[in-house]
Structure formats: structure tokens, C-alpha cells
Amino acid sequence: MNSFFSKKCEYGLQAVLYLAATDEDYICSSEEISNKLLIPREFTSKILQSLTESKIIESRKGKAGGFKLAKKASELKLIDVVIAIDGDEIFNNCVMGFTNCTKDKKCMLHDEWQGILNNAMVMLSRDTLDSFKNKMIDQLQ
């Protein structure tokens with residue numbers, strides 16, 4: 001199934017959920033994330049860098065370096081990751097790609113698509129990352 005998120009965002013969501021499923025103090029290498037989630041290594045590094053710049057995760061340099069969540073999993077939501085990587089434009093752009101589709105001049109799918117986007121926004125904003133911990137552990141097995 002394809003999503004309306006960029007591939008970078010999909011991988012970012014997976015990486016953050018993976019970190020949320022680990023012990024709070026565990027420092028995880030980009031190589032581990034790449035291997036466990038089957039994400040290309042170069043792509044993993046770029047995604048983790050973006051998430052670090054957005055203060056979703058923090059990085060530690062050195063031999064024992066790696067990544068962990070910058071906040072508790074109970075303080076982060078999936079929408080935080082989506083906005084950090086893809087921005088909120090995906091919730092405002094016309095599904096048909098019409099540049100002149102607005103609230104005042106709607107395309108033929110505007111209202112229906114806006115309903116879908118609103119539902120997606122609610123779903124992504126509802127639960128914190130810690131509520132997905134067990135499901136993420138199951139997903140990796």
C-alpha cells in the first residue's frame with residue numbers, strides 16, 4: 001500500500017517508532033536502525049539528521065554514539081514527525097494538483113479529500129508514541 005507521505009517521512013516514522021520501542025536511555029546506531037527496518041544506510045543518516053534538527057531525536061557522537069528520542073515517547077505524536085519531515089503542506093494541497101484549488105474555488109474532489117485529510121490529522125495527533133510501543137515490537141518480529 002502506498003501512502004501520501006514521502007518515502008523519507010515513512011522511514012522517519014518507522015525510525016522514531018523503533019526508537020520509542022527501545023529503552024528510554026538506549027542509544028541506537030544508525031546502522032542498527034537501517035538493518036532492523038531495512039532502510040538504505042545513506043537514507044537513514046539523512047532522515048536521522050533531519051529528525052535531530054527538528055529536535056524529535058537527539059544524537060550522541062563518538063564510539064558509543066547514536067540516536068535516541070529527544071523527549072519521552074509519551075510527549076511525542078506521529079504528527080510531530082510528519083510535520084518535521086514533510087511539513088503540513090500535505091494537509092493543505094489539492095489532491096488533483098490544481099494550483100488554483102482553494103476554499104473559495106474548490107476542485108471536484110476538494111471537500112471529500114479534505115475530510116480524508118482531517119481524519120488523517122486527527123489519527124496522527126491522537127496517540128503518543130508510547131502507545132505504539134508493543135505494536136512496533138510485534139511488527140519487528
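What is the volume of the second largest pocket? In this predicted model, the second largest pocket has a volume of about 220 Å³. The model is predicted, with local features requiring pLDDT of at least 70 and side-chain atom pairs counted only at pLDDT 80 or more, whereas totals for chains, interfaces and linings use all residues. Residues are numbered from 1 along each chain as its sequence is written, and side-chain values use heavy atoms, with hydrogens and water left out.

The protein chain comprises 6 helices and 2 strands, where helices (H or I, at least four residues) and strands (E, at least two) are DSSP runs numbered from the N terminus. The order of the elements from the N terminus is α-α-α-β-β-α-α-α. The C-alpha trace spans about 55 × 30 × 25 Å along its principal axes.

Helix α1 (residues 7-20) and helix α3 (residues 41-53) cross at roughly 75 degrees, and their axes come within 10 Å. Axes are lines fitted to C-alpha atoms, for helices over the stretch in contact, and angles run from 0 to 180 degrees between N-to-C directions. α1 and α3 are therefore roughly perpendicular to each other (angles under 35 degrees count as roughly parallel, over 145 as roughly antiparallel, 65 to 115 as roughly perpendicular and the rest as oblique). Lys7, Lys8, Tyr11, Gly12, Ala15 and Val16 of α1 make the contact with Phe43, Lys46, Ile47, Leu48, Ser50 and Leu51 of α3, contact meaning heavy atoms within 4.5 Å. This contact has 7 nonpolar, 2 polar and 3 charged residues; Ala, Val, Leu, Ile, Met, Phe, Trp, Tyr, Cys and Pro count as nonpolar, Asp, Glu, Lys and Arg as charged, and the others, Gly among them, as polar.

Helix α1 also packs against α2, at an angle of about 110 degrees and with the axes 11 Å apart; α1 and α2 are therefore roughly perpendicular to each other. Here Gln14, Ala15, Tyr18 and Leu19 in α1 meet Glu32, Ile33, Lys36 and Leu37 in α2. The axes of α4 and α5 come within 6 Å and cross at roughly 115 degrees, the contact being made by Leu78, Ile79 and Val82 of α4 and Met121, Leu124 and Ser125 of α5. The residues of the α4 and α5 contact comprise 5 nonpolar, 1 polar and no charged.

Pockets were defined on a 1 Å grid over the protein atoms alone, a pocket being an open set of points where a 1.4 Å probe fits, with protein on both sides within 12 Å along at least five of seven lines; lining residues have an atom within 4 Å of a point. Grid points are joined across faces, edges and corners, and a volume is the space filled by probe spheres set on the points. The largest pocket has a volume of about 310 Å³. Helix α1 gives the most to its lining, with 4 residues, and the lining divides into 9 nonpolar, 2 polar and 1 charged.

The second largest pocket is lined by 14 residues, of which Glu24, Leu69, Lys71, Lys72 and Ala73 lie nearest its centre. Its lining residues divide into 5 nonpolar, 2 polar and 7 charged. The side chains of Lys72 and Glu24 meet in a salt bridge (3.9 Å, N to O), defined as a side-chain nitrogen of Lys or Arg within 4 Å of a carboxyl oxygen of Asp or Glu. The structure holds 7 salt bridges.
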